[in-house]
Amino acid sequence: MAHSIDEAFTALPLRALADAALARARALGAEHADFRLERVRSAAWRLRDAKPSGSSDTTDLGYAVRVVHGGAWGFASGVDLTMDAAARVAGQAVAMAKLSAKVIAAAGSDERVELAEEPVHAERTWISSYEIDPFTVAGEEKSGLLADWSARLLRADGVAHVDASLLTVHENKFYADTAGTVTTQQRVRLHPQLTAVAVDETTGEFDSMRTIAPPAGRGWEYLTGTGWDWDWDSELEEIPGLLAEKMRAPSVEAGRYDLVVDPSNLWLTIHESIGHATELDRALGYEAAYAGTSFATFDQLGKLRYGSSVMNVTGDRTAEHGLATIGYDDEGVEAQSWDLVKDGTLVGYQLDRRIAKLTGLGRSNGCAFADSPGHVPVQRMANVSLQPEPGGLSTEDLIGGVERGIYVVGDRSWSIDMQRYNFQFTGQRFYRIENGRLAGQLRDVAYQATTTDFWGSMEKVGGPQTYVLGGAFNCGKAQPGQVAAVSHGCPSALFRGVNILNTTQEAGR
């Protein structure tokens, strides 16, 4: 279905505000200036045992001016939608840049902010791929669907409680800069989730099972089946039985196992050990205070053996329905797709315009993003995805190649060090593999490795038929902290000889 930019957004004085701000920045001597006006509406519904437990509906509307003046950054934001206010905010941004330049000089640094060149994109419009804007659907219908799904789970034997939630976002963004780029964008995304809880009344033990349907850059059709859809009915029908089996499952024996990892789990390992590690600001040490730097330092570009020869990873701002998919980033850079790891070797990074210029890597690949009009753009993650093998194996065939191993499904908890190198991950459910067949669930499983050892142990990746675009709404970075949504696609994959921990035994040590 073809959509147009919301009239309520285009009716705002977008161009007039931008012209006022950019003209003021030029008059004050800025070498570069950009203006960004955003309206971000977020709504959420939460249910506990099929009854409402909370809801919210908020709209963030404002604008920001960012400048380079005297070789330093300046930034300011505002909410007063008048020409005088926009010009005043631009003046504040220039004043901030002048102050920053003094601080930098006093610290003995001669580094100047310079931006990589980008073609001018004049009067461009981009709208994400969706059928039904969830904000055109009544709140009662949304909460009613969650209540119906929750009731289905509650009627099943062994399910004591059900938590359900739905988060929806509708984002509009207008951008203009002194080079002449002008873009207007609109995107929609949502995240539905249900968790069933079982409690053993005799022992007091409990456990849970969550849906593995990923968040997506889609509309309401994702939940109702009018268009591309997840098979919600099948997943909801399966969860009670899976949870009951999990409650009875034996605890894993720690040791080394071959792993077949489902996309519903592997996306998170990609996010933490590849996505963050290949952000070049981390690799250069510019991002260090929030969740650390990266072991994949810039001197290793083209040299680091990240994984096995079947490992091919892309950064992608163009993937249909990706949570980090855009038309243009917050520096006016057009969305692109590029290689990060090729045949197991580190060959690229995620860049913004400043880092691209600083490192001599040429054009930015469009990784500047701010999560609100009140925040400055920072280098943020694209949709970072492991590519499938054309004509590759099914998940069942990958399992068939394992004599003694574990099949991992769904994400749960994780831990990784400040250099994105040592990690461990758990999951929603784990199955013992014996002689190429699944042999029941296991409990208390975590897989542990270093990033290069883990990806180096990857022997096979599945075919396109196993590929799923997973992801999260809550990727955190920067100080003050910002949150961004990002997707990670991957096929099922086979890893040999991975260290498995028993989480109950580890917690007792």
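Predicted model: local features only at pLDDT ≥ 70, side-chain atom pairs only at ≥ 80, totals over all residues.
## Cavities

A search of the whole structure finds two cavities of 30 Å³ or more. The largest cavity holds about 70 Å³ of space, and the second largest cavity holds about 60 Å³.

The lining of the largest cavity consists of Arg187, Arg317, Leu323, Ala324, Phe369, Arg380, Met381, Cys475, Ala484, Ala485 and Val486. Sorted by class, this lining has eight nonpolar residues, three charged residues and no polar ones. Strand 21, which covers residues 482-490, gives the most to the lining of the largest cavity, with three residues.

## The second largest cavity

Around the second largest cavity stand Trp126, Glu171, Lys173, Gln185, Gln186, Arg187, Ile326, Tyr328, Asp330 and Phe369. Two elements, strand 5 (161-177) and strand 6 (182-199), are the ones that give two or more residues to this lining. The largest share, three residues, comes from strand 6.

By class, the lining of the second largest cavity has four charged, four nonpolar and two polar residues. Arg187 and Phe369 are among the residues that line the largest cavity, and Arg187 and Phe369 are also among those that line the second largest cavity.

In general, strands of a sheet pair through backbone hydrogen bonds, in a parallel or an antiparallel sense.

Strand 10 spans residues 337-342 and pairs with strand 11 in the antiparallel sense over two bridges. Lysine 342 stands opposite threonine 345, a residue of strand 11.

## Threonine 359

Threonine 359 is placed in helix 9, which covers residues 353-359. With a relative accessible area of 18%, threonine 359 is buried, because buried means a value under 20%.

A polar atom of the threonine 359 side chain lies 2.7 Å from the backbone oxygen of isoleucine 355. Not counting residues up to four places away in sequence, threonine 359 touches Leu280, Leu284 and Phe298.

## Alanine 147

Alanine 147 lies in helix 4, which runs over residues 139-154. Alanine 147 and arginine 46 are 101 residues apart in sequence, while the distance between them in space is 9.7 Å, C-alpha to C-alpha.

When residues up to four places away in sequence are not counted, alanine 147 touches Leu47 and Ala50.

## Asparagine 499

Asparagine 499 lies in strand 22, made up of residues 493-502. The relative accessibility of asparagine 499 is 18%, and asparagine 499 therefore counts as buried.

Leaving aside neighbours within four places in sequence, asparagine 499 is in contact with Gly255, Arg256, Ala446, Tyr447 and Gln448.

Notes
Residues numbered from 1 in each chain as written. Heavy atoms only, no water. Helix = DSSP H or I, 4+ residues; strand = E, 2+ residues; numbered from the N terminus. Buried < 20%, exposed > 50% of the residue type's maximum accessible area, 1.4 Å probe, protein only. Polar contact = N/O pair within 3.5 Å; in protein donor to acceptor, adjacent residues only side chain to side chain. Contact = heavy atoms within 4.5 Å. 1 Å grid on protein atoms, 1.4 Å probe; cavity = no way out; pocket = protein on both sides within 12 Å on 5 of 7 lines; lining within 4 Å. Points joined across faces, edges and corners; volume = space filled by probe spheres on them. Nonpolar A, V, L, I, M, F, W, Y, C, P; charged D, E, K, R; others polar. Pairing = 2+ DSSP bridges.
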